[in-house]
Amino acid sequence: MKIGELIKKIELDFPSHSAMSFDNSGANIVDYEVELSSVVVTLDITLDAIEYAKDKTANLIISHHPIIFNEIRNINDDPLSKRIKLLNKYDISAYSCHTNYDVNLINGMGINVLNKLFSRDEIESQDLLEKYTIDCIDYGIGNIVRLKQQMTFDDILNRLIERFDLDSKKLSEYKVKDEIKSVLIIPGSGSGEVDLIINEKPDLLITSDLKHNQILDLVESGISYINATHYGLEKNFIDSFSSYLKRFTDKVYSYKNKYV
């Protein structure tokens with residue numbers, strides 16, 4: 001199977017046109033006609049991840065975060081340029097499945113994190129903070145769940161740490177009230193949706209990358225929060241997307257970035 005053929009299969013389930021407008025999901029550095037040797041799945045394409053792919057004789061890395069996010073004006077000796085040059089040196093393609101993965105309601109970031117944290121039996125109702133439809137397919141971000149039975153803030157925090165293998169020293173949280181009935185989960189950054197979150201008024205927000213003034217606004221609106229760190233929740237992509245790719249090839253390796 002050629003690299004381009006695998007990408008076509010992926011984009012049937014995670015179409016690039018479903019990604020958010022600011023994003024650069026998709027083929028960042030890709031040779032479509034090369035025969036796929038093996039693929040490495042990771043959160044970020046770092047120098048270590050590229051060396052790991054070379055060791056596994058992989059010629060494709062699929063990351064969650066795009067290696068190229070902003071406009072590139074030159075290739076010099078900065079960190080991004082070093083990564084790009086190393087990919088070219090080893091003839092490794094780079095493809096990302098970012099917000100088009102996040103918004104997928106069947107096998108995307110939000111639903112996978114939700115299902116890992118709560119069982120179906122614990123959930124009374126479920127909704128989305130933002131939702132939209134493209135080509136008759138629904139997409140959305142921000143899973144809002146109402147629990148059948150109240151849970152304490154500390155019980156949810158401890159479950160989160162255990163099930164996502166989080167470093168408690170890297171977390172931050174603020175408990176407005178102890179009893180939690182409604183939970184809003186936005187893996188990655190929830191900073192762009194703070195106004196919508198306050199309008200929704202869940203008992204608890206689980207996300208990351210909130211600014212200081214946004215935390216103040218949430219707390220004064222009566223919303224508890226847990227900053228589970230960007231990596232802490234989104235590393236779930238590595239295992240879930242690796243499992244997804246095994247539908248098409250058994251030559252899949254997972255790489256968990258070492259520096260975070």
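1. Let's start with R159, which is buried, at a relative accessible area of 15%. Bear in mind that this is a predicted model. R159 has its place in helix α6, which runs over residues 153–163. Once neighbours within four places in sequence are set aside, R159 is in contact with L117, F118, E122 and M151.

2. Now for the overall picture. The protein chain has 10 helices and 11 strands. Its C-alpha trace spans about 55 × 40 × 30 Å along the principal axes. A compact globule of 260 residues would have a radius of gyration near 18 Å, and the 19 Å of the protein chain agrees with that.

3. How much of the protein chain is buried? Buried residues make up 50% of the 260 residues. The accessible surface of the protein chain is about 12800 Å², and carbon and sulfur atoms hold 46% of that surface. As for contacts in the protein chain with a separation of 6 or more, 65% of them come from residues 24 or more positions apart.

4. On to the aromatic rings: the structure holds 11 aromatic pairs. One of them is F22 with F69, where the ring centres are 6.3 Å apart and the planes meet at 40 degrees, so the pair counts as tilted.

5. Next, take Y101 and F237. Their ring centres lie 5.0 Å apart and their planes stand at 85 degrees, so the pair is edge-to-face. Y101 belongs to helix α4 (residues 99–102) and F237 to helix α10 (residues 236–245), so the pair ties together parts that are 136 residues apart in sequence. Are these two residues buried or exposed? Y101 counts as buried at 1% relative accessibility, and F237 counts as buried at 0%.

6. Together with F14, F241, Y244 and F248, they form one aromatic cluster.

7. K54 has its charged end over the ring of Y90, 5.4 Å from the ring centre. K116 lies over the face of F164, and here the distance to the ring centre is 4.9 Å.

8. S221 counts as buried, at 16% relative accessibility. Which residues does S221 touch, leaving aside its neighbours within four places in sequence? The contacts are I198 and K201.

9. T46 is another loop residue, placed between β2 (39–42) and α2 (47–55). At 10% relative accessibility, T46 counts as buried. The C-alpha atoms of T46 and A27 are separated by 17 Å, and the two residues are 19 residues apart along the chain.

10. Finally, there is D91, in the loop between α3 and β4. Is D91 buried or exposed? With 62% relative accessibility, D91 counts as exposed. The C-alpha atoms of D91 and D31 are separated by 8.7 Å, although the two residues are 60 residues apart along the chain.

How values were computed:
Residues numbered from 1 in each chain as written. Predicted model: local features only at pLDDT ≥ 70, side-chain atom pairs only at ≥ 80, totals over all residues. Heavy atoms only, no water. Phe/Tyr/Trp six-rings, centres within 6.5 Å; stacked < 30°, edge-to-face > 60°. Helix = DSSP H or I, 4+ residues; strand = E, 2+ residues; numbered from the N terminus. Buried < 20%, exposed > 50% of the residue type's maximum accessible area, 1.4 Å probe, protein only. Lys NZ or Arg CZ within 6 Å of the ring centre and 35° of its normal. Rg over C-alpha atoms; globule rule 2.2 N^0.38 Å. Contact = heavy atoms within 4.5 Å. Areas by Shrake-Rupley, 256 points an atom, 1.4 Å probe, with all protein chains shown as cover.
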